Amino acid sequence: MIDHLSLYRIFYVTADCGNISRASEKLYISQPAVSKSLQKLEESLNTVLFHRTSRGVTLTEDGQLLYRHVKDAFSSLETGEELLERKHRLGITRLRIGVSTTLCKYILLPYLKEFIAEHPHVKVTITCQSTYKTLELLKERKIDVGLIGETSQKDALCFYPIRFIQDTFVSTKAYLDNLKIRNGNDTIYSSATFMMLDEENITRQWISQSLMENQIELQNILEVSTMDLLIEFAKIGLGIACVIREFVEKELIDGTLIEVGMGIELEKRRIGLICNEGDLKETTVYEFLKKFQIQ
């Protein structure tokens, strides 16, 4: 079929014109060349496509059948060309981002708002999932860039840190006061309800490792699916939540929450953007990284 593409074009134009002479003018080829091409197509298909008269040409039954499909095919090609031209003219591209729900809300959104304002025709899709799933999607080339907490499992991917974050434990003052009344001299590790992200989460794994290294074992753990819920549960006095300090600054300032001393100093962690090295050459990815002052 590929070899006959030019023949189909001549057939399509001739059928539209109803006249070999007019088709010749439109195609910028000679009349004999048009006639020869139509004959070649008919021979290859083993059929007659046109009734030929001195006044012009009309489609046979087989010609009408073929014309309907050829017309649809060339219409699709024209649409494709128009969309491609529009894409280049408007700068329409795509950007696929992988990020956790927490980092999406607290870190990504402000930068994304600026990026969209400057690149309104970029089609942005966001996939919210764990860091490990983001890394998997990057390796499979199903997303272009990820926003993650730094991990040793980066493999050959390029990681660009953008800021530090500090994990901390928070609660209401009322919860801690009531806990002290209820449990007397019991340690906070054995008496309090500690609310943490699930064990598949990279933040939870980081905290668990830090606690284990300091020989701290929490007796009562309530697993919560998102950072937002951890913060909200802490605010209503359900327990002590392990959260990221930067995400509860307002609550710490106004006294809604207070930090709980755990007897250890948790190290700060880095979060950053990660992508395949080859994707750095993509204009859209490059422009997105620039919003984070990464060049």
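**Exercise 1.** Is Glu223 buried, partly exposed or exposed, going by its relative accessibility?

*Solution.* The structure is a predicted model. Step one is to read the value: Glu223 has a relative accessibility of 40%. Step two is to apply the cut-offs, under 20% for buried and over 50% for exposed, with partly exposed in between. Glu223 therefore counts as partly exposed.

**Exercise 2.** Determine which salt bridges Arg204 forms with Glu223 and Glu199, and describe the setting of these residues.

*Solution.* Begin with Glu223: its side chain meets that of Arg204 in a salt bridge, at 3.0 Å from N to O. This pair links distant parts of the chain, since Arg204 lies in helix 9 (residues 202-213) and Glu223 in strand 9 (residues 220-224), 19 residues apart. Next, Arg204 also forms a salt bridge with Glu199, at 3.7 Å from N to O. Finally, consider accessibility: Arg204 is buried at 6%, whereas Glu199 is exposed at 52%.

**Exercise 3.** Locate the partners of the salt bridge between Glu150 and Arg270, and classify their accessibility.

*Solution.* First, the closest N and O atoms of Glu150 and Arg270 are 2.8 Å apart, which is within the 4 Å limit for a salt bridge. Second, the two residues stand in distant parts of the chain, 120 residues apart: Glu150 is in the loop between strand 5 (145-149) and strand 6 (158-165), and Arg270 is in strand 12 (residues 269-275). Third, Glu150 is partly exposed at 30% relative accessibility, and Arg270 is partly exposed with a relative accessible area of 30%.

**Exercise 4.** How many salt bridges does a search of the whole structure find?

*Solution.* The search finds 17 salt bridges.

Key
Residues numbered from 1 in each chain as written. Predicted model: local features only at pLDDT ≥ 70, side-chain atom pairs only at ≥ 80, totals over all residues. Heavy atoms only, no water. Helix = DSSP H or I, 4+ residues; strand = E, 2+ residues; numbered from the N terminus. Buried < 20%, exposed > 50% of the residue type's maximum accessible area, 1.4 Å probe, protein only.
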